[in-house]
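User: Hello! I am new to this structure and would like to learn how to read its features. Could you guide me?

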Amino acid sequence: MIDLHTHTDCSDGTDSPAQLVNKALAEGFSVLAITDHDTTSGWHTAEQALRPNLSLALGAEISCLTTDGISVHMLGLLFDGTNAEMQEMLENTRDGRIPRALKMIELLNAGGIKISMADVESVKPIGATLGRPHIADALVKNGVVASRDEAFTDLLHNESPYYVAHLAPTPEDAISMIRRAGGVAVIAHAFASLRGKVLSADDFLPLKNAGLNGIEVNHRDHNNEERNALAQIARELDLVITGASDYHGTGKLNSLGENLTEQAQWERLESEANQRRVIRA
Ligand code: AMP
Ligand code: ZN
Ligand code: FE
Ligand code: FE
């Protein structure tokens, strides 16, 4: 079993990296990718928790914004974690998430909703990449909503009047940076239309030309039609097809391994990194 997209409490998941690795070991996974939002801070403890029979593909889910303002998530896997340019980009995005959260809090307050940055800080694990799920948790704590899911449905979704985007690289810039750092780039949940505005089929050729390696086809936020459309694009552009859970611990309903990547697709993806960077115990 190969799951190439998961989160820990280094961003908006709820398992620690060690807990997630232990879960993957216990459930008999062969490959687990850890892809926290805009950070590599979980890599070290994940690696320390590793035991035989599991391979770790360390990475990050990089928040991107197209010039048209469409939010895109780019999975970078198997890149050199010490790459300065990459770490600078990730840090800039994390920094940009702070004024963005403050702005969203201001808008929520103006709408009569009680929440402060202190509330958000109190529910966010120290050092974790700040995201809307932490604002959601603060809203739950304050009794405004009952769950993260309700917070997103009612107040925090991409089309909400309280939504604010944060600074982020373009998908092309993120892809070329991942590749310059030796890794591989897989576009996450590209047709998840329920989340908001998404790319169109024509947008994939420029991404392929920037160095895109794969498309995440099998993801719970894609219906069958969306999966078929993405698989066709992947075949036309000769890109790897992946499937993954986007596991967030108890932060979302997604269960580890609910969508998987085929061995042959994984082998091809791995071979496209500039060196062997999969970690084995
Ligand atoms: P942000 O990166 O701050 O824009 O927040 C986006 C994150 O919110 C994504 O990682 C999603 O996993 C998470 N998210 C989106 N919708 C929901 C939902 N309904 N319930 C829980 N988390 C969600
Ligand atoms: Zn997330
Ligand atoms: Fe995502
Ligand atoms: Fe994700």
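Analyst: Gladly! Helices (H or I, at least four residues) and strands (E, at least two) are DSSP runs, numbered from the N terminus. This is a predicted model, in which local features need pLDDT of at least 70, side-chain atom pairs count only at pLDDT 80 or more, and totals for chains, interfaces and linings use all residues. Residues are numbered from 1 along each chain as its sequence is written, chains are lettered from A and ligands numbered from 1 in the order in which they are written, and side-chain values use heavy atoms, with hydrogens and water left out.

User: Where is H189 placed?

Analyst: H189 sits in the loop between β5 (184-188) and α8 (204-210). Its phi is near 25 degrees, a positive value in a residue other than glycine.

User: Is H189 buried or exposed?

Analyst: Buried means under 20% relative accessible area, exposed over 50%, and partly exposed in between (1.4 Å probe, protein chains only). H189 has 7% relative accessibility, so it counts as buried. D246, in the loop between β7 (240-243) and α10, also has a positive phi, near 60 degrees, and is buried at 2% relative accessibility.

User: Which residues of helix α10 are buried?

Analyst: In α10 (residues 263-271), they are W266, L269 and E270. These cover an arc of only 95 degrees around the axis, which puts them on the same side of α10; the arc is that of the directions from the helix axis to the C-beta atoms. A264 and S271, on the other side, are exposed.

User: Which residues are around ligand 1?

Analyst: A residue is near a molecule if one of its heavy atoms lies within 4 Å of it. The residues around ligand 1 include D12, H37, R97, D149 and F152. Domain 1 (2-91 + 166-280) and domain 2 (98-156) both give residues to this shell, so ligand 1 lies between them; the domain bounds come from an automatic or database domain assignment.
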